[in-house]
Amino acid sequence: MNFSEIFKQSNQLCRISPDGRYLATCVQYRLVVRDVNSLQILHLYTCLDQIVHMEWSSDSLFILCAMYKRGLVQVWSLEQPDWHCKIDEGSIGLVSSRWSPDGRHILNTTEFHLRVTVWSLCTKAVSYIKYPKACQKGIDFSRDGSYMALAERRDCKDYVSVFVCEDWHLLRHFETETQDLAGLEWSPNGCVLAVWDSCLEYKVLLYSLDGRLLSSFSAYEWSLGIKSLAWSPSSQFLAIGSFDEKVRILNHITWKKITEFEHPATICSPKTVVYKEVEKRPALSIQDLSSHSVSSGCPLLAVQSKYEISQPPFQIPVVKPDLDRANPKVGVSSLAFSADGRYLATKNDNMASVVWVWNMQKMSLEAVLEQTAAVRCFQWDPRRPRLALCTGTPRLYLWSPAGSVSVQVPSEGGFQVHALSWHSNGDSLVLIGKEHLCLCYMDTEDKSTDSNIWTK
Amino acid sequence: MSPLGHFSQSEAPSLSGHRSPFVLTSFCTEDNVLECRSYINQEVSSLGLRAVWTPTDGPAELNVVAVLNSLYELIQLHRQGLRALDDMEVERQRSASNTELLQLSNTRLKGQLELSKRENTSLLEKERQLQLKVKNLQSCLKNEKEEVQRLQNIIASRASQYNHDMKRKEREFGKLKERLNQLLVDKKEKKQAMEVLNYVERADGKRSMWKTGRTEARHEGEVYRTLLSDYDARQRELVLENSEQRKVLQQMKRDMVSLLRGSKPARREETPGDPQTQVRGEGDSEDSEEVFESSCVDAREKLTNSIRLKWRKLKSHMERLDSQASLVQAGEGAEPDAVPLETHGQEMERLKLEIQQCKDFIHSQQQLLQQRLTSPCEEEEAAAIPPGSPMQGEGGRPGERGRLGEDWRALEEQRTHFEKERKTFTEAAIRLSHERMMFEEDRATWLKHQFLHWTPFTDQNQPEMTEGEQEAASVFSPECLPGSPSPETSSSPRCQALQTQSTADPYRSLPPSPESRYR
């Protein structure tokens, strides 16, 4: 594993292009485009204000930079660096901006979610969509980029509009039986749209592409409901994480629950491998202390850690949440399927330092990773069943069925990993800190040298 | 009979009966006046009264006064007695009535006691039931309280969620109002606009089309096509899965049938003929009608039902076998059906040993083949040594070795030729093996010939053979071979010549050849 040097970034805006060749980062009001392998700066663009949101177009030819305060969106071209495009929303304000899947239209949501404006880079045509809903996930594009589902709210009722992205033609418009629609997501095969209600009511509605209601699922009443939702890559399963600390898996044939994954505080099953992160502070002599500068970033003083395999029964530290406050820190807030759909990684908010990995073939708990700090972000490798996670410490953690490893990110200034993002070929990772970023290149050829550092 | 005895007899009835009149005549007669008098005296004095007669009164006279007094006293006594009797009678009656009364009251009280006992038990029972009810109600109450608490918690969390949302909406509303005010005040309104240097091409390179009815229809068509292809794919997968599972089920059924048939020959009569024939019939029909089965619910059910039947039979059979196996373990005789683990293990061991032996054999044969390949070179060298030299025999070996070492070094330089000659060499080796076979046969026939015609003429042959024998021995002994490169092809005929000359001794000294093994 190789680590690049640390670069500056602001607002956690670091994105690798979809074709995997470039890395774009934002530093205040500048957009820096680098080559992914050499990290040489290829292009440097200057925007009119601090960039708040940055996104690559799907064909990796354009980059969108949004500045919400000024209501501006600037688009830059990689092929022609002197090409420019500026969209000014004027007094209507700007709350969010995104690309359409064809990479030639930009969807801007105005302030107060008054409307969504669809700007075209090819023609002078401008489309407007009224009454978009301000919710957790109000817009979703299907994976092949042909359809867009948009949540709307009119007269205290929720609606879903399905548009054809080719010409923004309204395909279907139907009312949903939700109290307060919180989000919608297409299945990976683009045939089913999952719509879920807000946390006050546990309800998932499944609509076919042509607008028919296929099924409705509700696990219980009254208690706080759905917190997160994820489709399996084959569209076979729908995983629903809820505030009752359980994940329910629905199957795509009957849309009924086939199993439930619980997150208990004690793990007794001997088949589960429990990795516990153990920190070992280096023992230093006085000599060492005097000769080196005693700073938190000093690599000598860096706290090393490794994984130890714990024996069952295993106790998980639970933090009791304050139930009087809204959106309590309890329940399954993050769900992610591995690329082959064999594993599901979950995180329960009242056990924030633990990541649970479930085996979808056996429908059982495969591994549990307990960290020393709360897990901030985890993401599966897009090619193989390998999970990367970070906890806000200067370490990167990787899990695979062969074992798990904790890697120290070499840095002088105390680089804390707050978020991470895989490259599309699964050979490198972008580690994002508060104000810095670092690239980690995996060893692609020889896995055997890595295997001896894996804890099995 | 004495007069006393007479008297006692007569007295007895008078005393036992209550008011029975005295029979005076039988007691006192004119003869026994004196005895009666003395007897009466005795009796009276025993009663504590004054005597009736004292001796002073005269022998044959009675003291009338005393008699009258005693009579009076007796009457008094009698009257007292009667009175006492009356009193006692009254007393007795009184006590009888008392006892009757007491008995009545006793029975009454007993009845009351029974009643009260029964009431007590019923009250106890009622109390127990009530206590149970109380317990139930208490647990219900606890549950209800918990439920209430839970609902309260839910209400609290929902309330906090509503409040949070409400506050958020209020904040947004406030912002909206501010914005509206600002817009009303603001004179210049900045419109939305997009500035672009030049319009870009579409990603797919096509021109954008007008929105017409045709495009709409096309979109609809696309939607349904996508859905249909998804359903098609899913249906295909399911059909595949179905057919695979059906195959597996049929295989299972066949296996089960064979198992049942094979293990229970005696029970065949017990099993009804229908399932068996049904099995056979089904098998045939199903093989031929596989295509139509996918839509036939009955056939599916038949298959699953027959599988279930067979599985149940198999399970019962296995249970029986298990019980038999446990009996066997207890030492109650062997079950012919059960496969003993020990022989199985022994079989495995034996097979493993055989495998190991074969492997060793192959390895040794490879080594020998290698030696054979290098041996013709040695033969050439051995042949190059003059027959009569003192290097012959065992003593010449070290010198030979030295010379071979030098030759080996020389041959080392020729190593580049090795690869080319290797092919010819392998051919030679093959030929060699053939010739060996021939040689062995010849030798065998020769030996037979020798044995059958044992004559002194063999002595003459022996000195000639000795050299050949020793050369052959030197050729074939493994120690002298340094693994030299292949010899020339011309050496092979010489090998042949050497081989054919050898006798029974080299046969012994020769390492076993592959051909002999295969014969």
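Let's start with one residue, Ser77(A). Ser77(A) is buried, and its relative accessible area is 3%. Keep in mind that this is a predicted model.

Where does Ser77(A) sit? Its place is in strand 9 of chain A, residues 72–77. Which residues does Ser77(A) touch, leaving out those up to four places away in sequence? The list is Tyr45(A), Leu61(A), Phe62(A) and Trp83(A). The side chain of Ser77(A) reaches the backbone nitrogen of Glu79(A) at 3.3 Å.

Next, the salt bridges. Over all chains, the structure holds 36 of them. I'll show you a few.

Take Asp158(A) and Arg153(A). Their side chains meet in a salt bridge, 2.9 Å from N to O. Is Asp158(A) buried or exposed? Asp158(A) is buried, because its relative accessible area is 1% and the cut-off is under 20%. Arg153(A) is partly exposed, with a relative accessible area of 30%.

Now Arg384(A) and Asp427(A). This salt bridge is 3.7 Å, N to O. The pair links distant parts of the chain, 43 residues apart. Arg384(A) lies in the loop between strand 35 (377–380) and strand 36 (387–390) of chain A. Asp427(A) lies in the loop between strand 39 (419–422) and strand 40 (428–432) of chain A. Both count as partly exposed: Arg384(A) has a relative accessible area of 29%, and Asp427(A) stands at 23%.

Chain A also has a network of salt bridges. It links Asp244(A), Lys246(A), Arg248(A), Lys257(A) and Glu260(A).

Over to chain B. Its secondary structure comes to 15 helices and one strand. It has 519 residues, and 22% of them count as buried. Look at its contacts between residues at least 6 apart in sequence. Of these, 70% join residues at least 24 apart.

Chain B gives us another salt bridge. The side chains of Glu440(B) and Arg443(B) meet at 2.7 Å, N to O. How far apart are these two in helix 11 of chain B? They are three residues apart in that helix, residues 415–452, so about one helical turn separates them. Glu440(B) and Arg443(B) are both buried.

Finally, the interface. How many residues of chain A are in contact with chain B? The count is 54, and they meet 45 residues of chain B. Three residues stand out on chain A: Ser91(A), Phe112(A) and Leu200(A). They supply 15% of the area that chain A buries against chain B, more than any other three residues.

What holds charge across this interface? The rule finds three salt bridges there. Arg172(A) forms a salt bridge with Glu220(B), and their closest N and O atoms are 2.7 Å apart. The interface also has 18 residue pairs in polar contact.

Which strands of chain A each supply at least two residues to the side that touches chain B? They are strand 10 (84–88), strand 13 (115–120) and strand 18 (169–175). Strand 10 gives the largest share, five residues. By class, that side of chain A has 24 nonpolar, 13 polar and 17 charged residues.

One last item on strand 10 of chain A. It pairs with strand 1 of chain B, residues 193–196, in the antiparallel sense over four bridges. Within that pairing, Cys85(A) has Val196(B) as its bridge partner.

Note on methods:
Residues numbered from 1 in each chain as written. Chains lettered and ligands numbered in written order. Predicted model: local features only at pLDDT ≥ 70, side-chain atom pairs only at ≥ 80, totals over all residues. Heavy atoms only, no water. Contact = heavy atoms within 4.5 Å. Buried area = accessible area lost by both parts, 1.4 Å probe. Salt bridge = Lys/Arg side-chain N within 4 Å of Asp/Glu carboxyl O. Polar contact = N/O pair within 3.5 Å; in protein donor to acceptor, adjacent residues only side chain to side chain. Nonpolar A, V, L, I, M, F, W, Y, C, P; charged D, E, K, R; others polar. Pairing = 2+ DSSP bridges. Buried < 20%, exposed > 50% of the residue type's maximum accessible area, 1.4 Å probe, protein only.
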